[in-house]
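Have the structure open while you read.

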Amino acid sequence: MGAIIRARDFSPEKQVGLLKPIIYCCSYGNVQSEAISINVPLARELLKFRPNRRSMRLEQCFSEVLDTLPDGVTIKDFDVIFNPQYQVDLLKIMVMACRKKPFSIVWPGKYENGMLFYAEEGYPDYKIFNIEDYDVTCIV
């Protein structure tokens, strides 16, 4: 279901109106410098809830933070979501949120062979996502 596009072949104009997140896995134009960090506002929202309730409220908190940002924004620095105590599918949350409000993502990990990686193997927050399992477009 996911798509992979080489950065040299990517045209942002063709992606307008698609209700799925674009995930930048490499440098592309000014995307990194223009992206908005959401780690602090997201952490503030999550702190409103007891630790054992945060997993259930993560999607709501993520949507509330996105609602404060302009449509089509590119986000970065959302590492708080990777907390191993949160038993959530981060990409699923992002795909659902993008259907309500369009945004793009600067991936905080690496891309390799159709997979997105976060953290290093052996660490508790290590995650692997198979792009084929999600309705996303990855720019590599």
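Six strands make up an open sheet, ordered β1-β9-β2-β5-β4-β3, and their pairing is parallel. Two strands count as paired if DSSP finds at least two bridges between them; helices (H or I, at least four residues) and strands (E, at least two) are DSSP runs, numbered from the N terminus. At the edges sit β1 (3–5) and β3 (36–37), each with a single partner strand, so one side of each has no neighbour in the sheet.

Before going on, some ground rules. This is a predicted model, so to speak: local features need pLDDT of at least 70, side-chain atom pairs count only at pLDDT 80 or more, and totals for chains, interfaces and linings use all residues. Residues are numbered from 1 along each chain as its sequence is written, and side-chain values use heavy atoms, with hydrogens and water left out.

Back to the sheet: β2 (residues 22–24) and β5 (residues 103–106) run parallel and are joined by three bridges. Y24 has V106 as its bridge partner in β5. Packed on the sheet is helix α5 (residues 90–100), which touches β2, β4 (73–76) and β5, and its direction makes about 150 degrees with that of β5. Contact here means heavy atoms within 4.5 Å, while axes are lines fitted to C-alpha atoms, for helices over the stretch in contact, with angles running from 0 to 180 degrees between N-to-C directions.

Which residues of α5 are buried? They are L90, L91, I93, M94, V95, A97 and C98, where buried means under 20% relative accessible area, exposed over 50% and partly exposed in between (1.4 Å probe, protein chains only). Those buried residues pack against β2, α4 (54–67), β4, β5, β7 (115–118) and β8 (127–130).

## Rings

A search of the whole structure turns up ten aromatic pairs. Rings of Phe, Tyr and Trp (its six-membered ring) pair if their centres lie within 6.5 Å; planes under 30 degrees apart are stacked, over 60 edge-to-face, and the rest tilted.

| Pair | Centre distance | Plane angle | Type |
|---|---|---|---|
| F10 and Y24 | 6.0 Å | 85 degrees | edge-to-face |
| F10 and Y28 | 5.2 Å | 75 degrees | edge-to-face |

F10 lies in the loop between β1 and α1 (12–15) and Y24 in strand β2, so their pair ties together parts 14 residues apart in sequence. Y28 is in the loop between β2 and α2 (31–34), so its pair with F10 ties together parts that are 18 residues apart in sequence. F10 is buried, at 7% relative accessible area, and Y24 is buried with a value of 7%. Y28 counts as partly exposed, at 22%.

Elsewhere, ring pairs link F78, F82, W107, Y118, F129 and Y134 into a cluster.

## The whole chain

How many helices and strands does the chain have? There are five helices and nine strands, and along the sequence they follow the pattern β-α-β-α-β-α-α-β-α-β-β-β-β-β. Buried residues make up 43% of the 140 residues. Of the contacts with a separation of 6 or more, 69% are between residues 24 or more positions apart.
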